[in-house]
Amino acid sequence: MAGSPEFTTTTTKGDILTIRDACTPEEHDIFLQWSDACQWDPCPSDYAIYGQIPTNRMLLGFVQGRIVACLAVHVFENRVVFFGPYIVLNPMDRGKGYGHCMLQYMLDQFPDYDIGCDTELDRIEYYHRYGMETYYTVYCVRGDLPTPLMSQAARHLSEYQLVSATEISLDFIVNMDYEVTGFRRTDFCQKKFHDPSQSAFALCSADQKEILGLACIAPTISPGLYLISPLYAKSPRVARALALELMQRVVDQHNVTSDMNTYLNFTLYCQETNPDALDLFLNVFGWKSVGVYKRLWKGGIPTAQYPQRLYGYNNSECG
Ligand SMILES: CC(C)(COP(=O)(O)OP(=O)(O)OC[C@H]1O[C@@H](n2cnc3c(N)ncnc32)[C@H](O)[C@@H]1OP(=O)(O)O)[C@@H](O)C(=O)NCCC(=O)NCCS
């Protein structure tokens, strides 16, 4: 559907709003820049992936040739859509119906899909108007490397072996992703886990017969802030070993390549459906919750077989 024709509508205030897909690198950059302006600490490498997936819609709204709104729509293979970022950036442009027209256009495009988003608490009523229902709470947690725990990183534990995710078959990764999130998304997994430029790793049993966890870490747009996303693990012990290992790698790299003035810290999103994740990051790592969101769905919620294996994700693409 990418590259669909322009759609034009008139807002209740009489403005003519044109909606079309972003089609230049500069237009794709709007999503990153506006998310940054909202202080959502976006991850440039993830936003680059969203723009490369042909089924995704990166929608822009124009009034008199000026961009007033953006709405990214992540379209998965099993008739599931997750949307965000969704922004009318300029305060002068808010409340004029632009956001409504963008959202309604998107909902009309996907009438029989399960459609999800994460929202801040003061916007829940807004989405309820569109038939979206609240399912559960999502926490953004943040902190620095819990140095006293480093003896439990993968490199120190003989029962595990860390391998690059590029060595794991794509089919295996797609199925694991589907079982944990309920989203079937080959393109996303290929670009996130099979691209050698991504820091994506699998944690295997020592004999490499079983894959116990999968995780990726990448810099956000905020200097020194890294996002762990996604992080799947079969147990809290695996999640801890994998997260510590990835963070230590960032610290090691930082010590080699940069001046020491940037303070490093780490963040991820975890959901209340996995109490082990909250316990790991808040109690064991001693991190703080810096944001509370609600996960909303319209139509239904995709069923994951092992949602309790999801320890961290990026709330833009929800995985
Ligand atoms: C949320 C946002 C996209 C809405 O777009 P908008 O163009 O300002 O909204 P609209 O003018 O289309 O508003 C539609 C209706 O929703 C209402 N509304 C807007 N924000 C609301 C909120 N936070 N809670 C409840 N209702 C809200 C408006 O009052 C309007 O009601 P009306 O039709 O009865 O007058 C926009 O305000 C925005 O970008 N905010 C900052 C970024 C953000 O929060 N994005 C969403 C992430 S979850």
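**Chat about a predicted model**

Student: Let's start with R79: how many other C-beta atoms lie within 10 Å of it?

Tutor: R79 has 15 other C-beta atoms within 10 Å, so it counts as partly exposed. By the rule used here, a residue is buried with 20 or more other C-beta atoms within 10 Å of its own, exposed with 12 or fewer, and partly exposed in between, the C-beta atoms being placed from the backbone.

Student: What should I keep in mind about the model and the numbering?

Tutor: The model is predicted, so local features need pLDDT of at least 70 and side-chain atom pairs count only at pLDDT 80 or more, while totals for chains, interfaces and linings use all residues. Residues are numbered from 1 along each chain as its sequence is written.

Student: OK, which residue has a positive phi in the hairpin of strand 3 and strand 4?

Tutor: In that hairpin, which has 2 residues between the strands, Q64 takes a positive phi near 50 degrees. Q64 is exposed because it has 9 other C-beta atoms within 10 Å.

Student: How many bridges hold strand 3 and strand 4 together?

Tutor: Strand 3 (residues 57–63) and strand 4 (residues 66–76) pair in the antiparallel sense over 7 bridges, where pairing requires that DSSP find at least two bridges between the strands. Strand 3 also pairs with strand 2, again antiparallel, over 5 bridges. F62 of strand 3 stands opposite T18, and F62 also stands opposite I67 in strand 4. As for burial, 5 of the 7 residues of strand 3 are buried.

Student: What about A22, buried or exposed?

Tutor: A22 counts as buried because it has 20 C-beta neighbours inside 10 Å. It lies in the loop between strand 2 (16–21) and helix 1 (25–37). Not counting residues up to four places away in sequence, A22 touches E27, H28, I30, M58 and L60, a contact being two C-beta atoms, placed from the backbone, within 7 Å.

Student: Switching to the ligand, which residues are closest?

Tutor: Of the 17 residues that surround the ligand, the closest are R94, G99, H100, T119 and Y126; a residue is near a molecule if its C-beta atom, placed from the backbone, lies within 6 Å of it.

Student: Which element gives the most to that shell?

Tutor: Helix 3 does, with 3 residues, while strand 5 (80–87), helix 3 (98–109), strand 6 (114–120) and helix 4 (124–128) each supply at least two. The shell around the ligand divides into 6 nonpolar, 5 polar and 6 charged residues. Here Ala, Val, Leu, Ile, Met, Phe, Trp, Tyr, Cys and Pro count as nonpolar, Asp, Glu, Lys and Arg as charged, and the others, Gly among them, as polar.

Student: Where is the cis peptide bond that involves G84?

Tutor: The bond from G84 to P85 is cis, with omega near 0 degrees, and P85 is found in strand 5. Another cis bond joins S229 and P230, with omega about -15 degrees, and P230 is found in strand 11. Most peptide bonds are trans.

Student: So what does strand 11 pair with?

Tutor: Strand 11 (residues 225–233) pairs with strand 10 in the antiparallel sense over 6 bridges, and I228 is the bridge partner of I217. On strand 9 (residues 199–205), strand 10 has another antiparallel partner, also over 6 bridges. Strand 10 (residues 211–219) is mostly covered, with 8 of its 9 residues buried.

Student: Last one: what do the buried residues of helix 5 pack against?

Tutor: They pack against helix 6 (186–193), strand 10, strand 11 and strand 14 (310–312); the buried residues of helix 5 are I173, V174, M176, D177, Y178, V180 and T181. After helix 5 comes G182, whose phi is positive, near 85 degrees.

Key:
Helices (H or I, at least four residues) and strands (E, at least two) are DSSP runs, numbered from the N terminus.
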